[in-house]
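Please look over the sequence and the structure below before reading on.

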Amino acid sequence: MSRSGGKQRSRPLRSLVVAGARPNFMKVAPLLRRMHAREDFEPILVHTGQHYDAVMSDGFFRDLGIPEPEFNLGVGSGSHAEQTGQVLIKIEQLILRQAPDLILVVGDVNSTLAATLAAVKLNVPVAHVEAGLRSGDRQMPEEINRIMTDSVSTWLFVTEEAGRINLLNEGVPESKIHFVGNVMIDTLLDHLERARSLDNILEPLQVTPGAYAVLTLHRPSNVDDPDRLKALFAALEELHQEVPIVFPIHPRTQAAIETQLGGASPKLQLSPPLGYLEFLRLMADARLVLTDSGGIQEETTVLGVPCLTLRENTERPVTLEEGTNTMAGSNPEVVKQCFRDVIAHGGKQGKAPPLWDGRAADRILDILAGQPWGAS
Ligand code: UD1
């Protein structure tokens, strides 16, 4: 019997793998690596160009050993409609030319939704990796992308039980849902040793292991309102006097500092965006992490580093229930209290959630290969 459990295919599955923005790159990396190691997949990597700066894109390809994309759509920045529309138009042409058996999308960025829409209208089945996550907050652009992508995908690969329940509640048949673990954690476990062996990461930032915090902030809800941003920065500056806070600044946040705050950067330990390995090392050695990112809530849980999420909700509840994550919200007084509490008492210990074991990509590929593809 073939690996697919069905008829032997005479050719591998042509799989268009789509990546567009920074958090996509660590999710496609293990899928591509494992596809290249097997004979039943023929991956074709498409970079939509949603993120294009060296620090937001190229460096990640290098750090993660992702091969040069076969295609780059070069869409760049723009409004949601412009960005989504550009990917939609350009990837449709590519799908027509490449005639893939399936398209594989990850996460919840605009590129994820656009690629999905183009594919389903051409009757190409979509595999959505990291399906089912819901924050319940439809003001978040990602929440719209998640709901729309999941509603038309053929295979929904979920990272945690909440994802499965959300999809069932939306009427998705159980047969489409596969609980496989977390590809982002595959990447973390693939690279942790290398990150730990990097020299000269903490010294230039003037911090020592276990004695600093790391901050990331880029969500529109936090950075687009100048009053909110100013109040948050004031609280963080106060905390920085107690425990140094390293703040690698996302380009969207840098732009907000320029336009909303007249260029008045917060008095924290500032840094440009870091590469994957450098940032992983920075998190692994931190006393705590403050973030509004989704992926970082998951990574800190596996690293066992306390995380304060600077949002009112999370689409990743397992990190609260089983991991090291605490919802601190964005009220500066509450953030200060949570921060000081972690410093005084150590913060949540937590443990890795089920199946966050480094094997999610293998499970996904086994499931896809095992579908009744016919023998073409
Ligand atoms: C996008 C994703 C978000 C993800 C984040 C991670 C959507 C809706 N949002 O948000 O889910 O958490 O990526 O980074 O898809 N910019 C640059 N250089 C770049 C890319 C962006 O300078 O390489 C600047 C531009 O000013 C751009 C702004 O950042 O307008 C926002 O970029 P965009 O891709 O639209 O959204 P992000 O905020 O990065």
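This is a predicted model: local features need pLDDT of at least 70, side-chain atom pairs count only at pLDDT 80 or more; totals for chains, interfaces and linings use all residues.

**Charged residues and their partners**

Glutamate 298 has a relative accessibility of 0% and therefore counts as buried.

*Salt bridges*

- A search of the whole structure finds 28 salt bridges, and one of them joins glutamate 298 to arginine 316, with the closest N and O atoms 2.8 Å apart.
- That pair links distant parts of the chain, since glutamate 298 lies in helix α12 and arginine 316 in the loop between β12 (307–309) and α13 (318–321), 18 residues apart.
- Arginine 316, at 3% relative accessibility, counts as buried because the cut-off for buried is under 20%.
- Arginine 311 forms a salt bridge with glutamate 315, where the closest N and O atoms are 2.6 Å apart; arginine 311 is buried with a relative accessible area of 4%, and glutamate 315 counts as buried at 1%.
- Salt bridges that share partners join Lys27, Asp108, Glu130, Glu143, Arg146, Glu298, Arg311, Glu315 and Arg316 into one network.
- Glutamate 130 and lysine 27 also meet through their side chains in a salt bridge, at 3.0 Å from N to O, and this pair links glutamate 130 in strand β5 (residues 126–131) with lysine 27 in helix α1, 103 residues apart.
- Both glutamate 130 and lysine 27 are buried.

*A buried glutamate without a salt bridge*

- Glutamate 299, which is placed in helix α12 (residues 295–303), is buried yet has no salt bridge, and the nearest side chain of opposite charge, that of lysine 27, is 8.6 Å away.
- Leaving aside neighbours within four places in sequence, glutamate 299 is in contact with Met184, Ile185, Leu188, Tyr276 and Met283.

*Helix α1*

- Helix α1 (residues 22–37) has 16 residues, which at 1.5 Å a residue should span 22 Å, and the 24 Å between its end C-alpha atoms agrees with this.
- A kink of about 30° lies at valine 28 in α1, shortly before proline 30.
- Among the buried residues of α1 are Phe25, Lys27, Val28 and Pro30.

*Aromatic pairs*

- The whole structure holds four aromatic pairs, and in one of them the rings of phenylalanine 25 and phenylalanine 60 have centres 6.5 Å apart and planes at 45°, so the pair is tilted.
- Because phenylalanine 25 lies in helix α1 and phenylalanine 60 in helix α2 (residues 54–64), this pair ties together parts that are 35 residues apart in sequence, and both phenylalanines are buried.
- Tryptophan 155 and tryptophan 373 form a tilted aromatic pair, 5.6 Å centre to centre with 45° between the planes, and the pair links strand β6 (residues 155–158) with the segment after α15, 218 residues apart.
- Ring pairs link Phe25, Phe60 and Phe61 into a cluster.

*A glycine in a loop*

- Glycine 347 lies in the loop between α14 (332–345) and α15 (360–369), and with a relative accessible area of 27% this glycine is partly exposed.
- The C-alpha atoms of glycine 347 and proline 306 are separated by 5.5 Å, although the two residues are 41 residues apart along the chain.
- Leaving aside neighbours within four places in sequence, glycine 347 is in contact with Pro306 and Val342.

Terms used
Residues are numbered from 1 along each chain as its sequence is written. Side-chain values use heavy atoms; hydrogens and water are left out. Helices (H or I, at least four residues) and strands (E, at least two) are DSSP runs, numbered from the N terminus. The expected span of a helix is 1.5 Å times one less than its number of residues. The bend at a residue is the angle between axes fitted to the seven residues ending there and the seven starting there. Buried means under 20% relative accessible area, exposed over 50%, partly exposed in between (1.4 Å probe, protein chains only). Lys and Arg count as positive and Asp and Glu as negative; His and the chain ends are not counted. A salt bridge is a side-chain nitrogen of Lys or Arg within 4 Å of a carboxyl oxygen of Asp or Glu. Contact means heavy atoms within 4.5 Å. Rings of Phe, Tyr and Trp (its six-membered ring) pair if their centres lie within 6.5 Å; planes under 30 degrees apart count as stacked, over 60 as edge-to-face and the rest as tilted.
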